[in-house]
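The entries follow in the order in which I looked things up.

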Amino acid sequence: GEAEAEALWRARRAVSPALGRIRPKRVNEDIAVPRSALPQVVREIEALGKAFGLVVVQFGHIGDGNLHPNILFDPRRESEEKVWELAHEIARVALRHGGVLSGEHGIGLMKRDFMLEAVDPETLGALHRVKEALDPLGLFNPGEAIMGPWKASTASFMSSPGWAFLWALGFSSSGIRLGAGSGGSTFWTYAVLKIPDKMGPR
């Protein structure tokens with residue numbers, strides 16, 4: 001009922017303030033994995049936290065597989081370099097279990113380099129060309145784009161079913177966000193590109 005729902009929301013809203021009492025700083029991860037993989041993913045992340053000697057608190061939107069492992073630390077006593085190493089390992093856990101780097105918050109600077117492991121070079125090349133076409137002067141999120149020697153041909157990408165689907169969705173529902181380039185929009189673009197692969201026979 002409503003009372004139960006409110007109690008759950010009250011507990012959820014209390015999580016972030018409570019974490020600040022444990023350690024002064026935190027890195028909030030935002031992975032998403034198939035729901036069937038959640039128990040194993042949670043166990044693996046817990047084991048990683050112990051191996052790195054860092055406190056990791058896990059919560060999220062379990063119904064859609066979105067998990068928020070929070071790495072808590074005190075920069076006066078704990079290495080931030082170790083924190084980022086752990087964040088990278090958590091990302092790898094998600095990828096190993098068929099998940100993605102972000103289910104909600106996007107890629108941005110924090111996970112930019114992780115994309116090199118999450119997405120094949122051809123797809124990254126396609127994303128880079130979309131960014132370049134929409135933002136030729138590099139005004140949107142400067143310095144955030146993933147750079148590299150992309151080998152996929154523009155012609156093969158432009159002729160794929162995903163291209164029309166991408167443009168139709170991008171400009172009808174979220175054109176500005178797509179144009180923003182490699183922040184949250186990079187993941188969004190990737191998600192759109194992958195949808196046609198799962199649509200089945202026509």
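I began with strands β3 (residues 55-61) and β4 (residues 66-73), which run antiparallel and are joined by 7 bridges. Strands pair here if DSSP finds at least two bridges between them; helices (H or I, at least four residues) and strands (E, at least two) are DSSP runs, numbered from the N terminus. I found His61 opposite Asn66 in β4. The hairpin has 4 residues between the strands, and Gly65 takes a positive phi there, near 80 degrees.

**Basis.** I note that this is a predicted model, in which local features need pLDDT of at least 70 and side-chain atom pairs count only at pLDDT 80 or more, while totals for chains, interfaces and linings use all residues. Residues are numbered from 1 along each chain as its sequence is written, and side-chain values use heavy atoms, with hydrogens and water left out.

**Helix α3.** I compared the end C-alpha atoms of α3 (residues 80-96), which are 25 Å apart, with the 24 Å that its 17 residues should span at 1.5 Å a residue, and the two agree. The expected span is 1.5 Å times one less than the number of residues. After α3 comes Gly98, with a positive phi near 75 degrees. Buried residues (under 20% relative accessible area, 1.4 Å probe, protein chains only) in α3 include Leu86, Ile90 and Val93. I see the buried residues of α3 pack against β1 (25-28), β2 (31-32), α2 (38-52), β3, β4 and α4 (115-118).

**Cores.** Which residues have the most contacts inside the largest nonpolar core? They are Ile31, Val41, Ile45, Leu54, Ile71, Leu86 and Ile90, in a core of 19 residues. A nonpolar core is a set of buried Ala, Val, Leu, Ile, Met, Phe, Trp, Tyr and Cys residues joined through side-chain atoms within 4.5 Å. Its largest share, 6 residues, comes from α3. Another core lies apart from it and has 8 residues, among them Ile107, Phe114, Leu124 and Leu127.

**Helix α5.** I then turned to α5 (residues 121-134), whose 14 residues reach 20 Å from first C-alpha to last, close to the 20 Å expected. Asp120 caps its N-terminal end through a side-chain oxygen 3.1 Å from the backbone nitrogen of Glu122. Leu124 and Leu127 are among the buried residues of α5.

**Helix α1.** Lastly, I located a kink of about 35 degrees at Val15 in α1, shortly before Pro17. The bend is the angle between axes fitted to the seven residues ending at a residue and the seven starting there.

Notes:
Buried means under 20% relative accessible area, exposed over 50%, partly exposed in between (1.4 Å probe, protein chains only). A polar contact is a pair of N or O atoms within 3.5 Å; within protein, one must be able to donate a hydrogen and the other to accept it, and residues adjacent in sequence count only if both atoms are side-chain atoms. Contact means heavy atoms within 4.5 Å.
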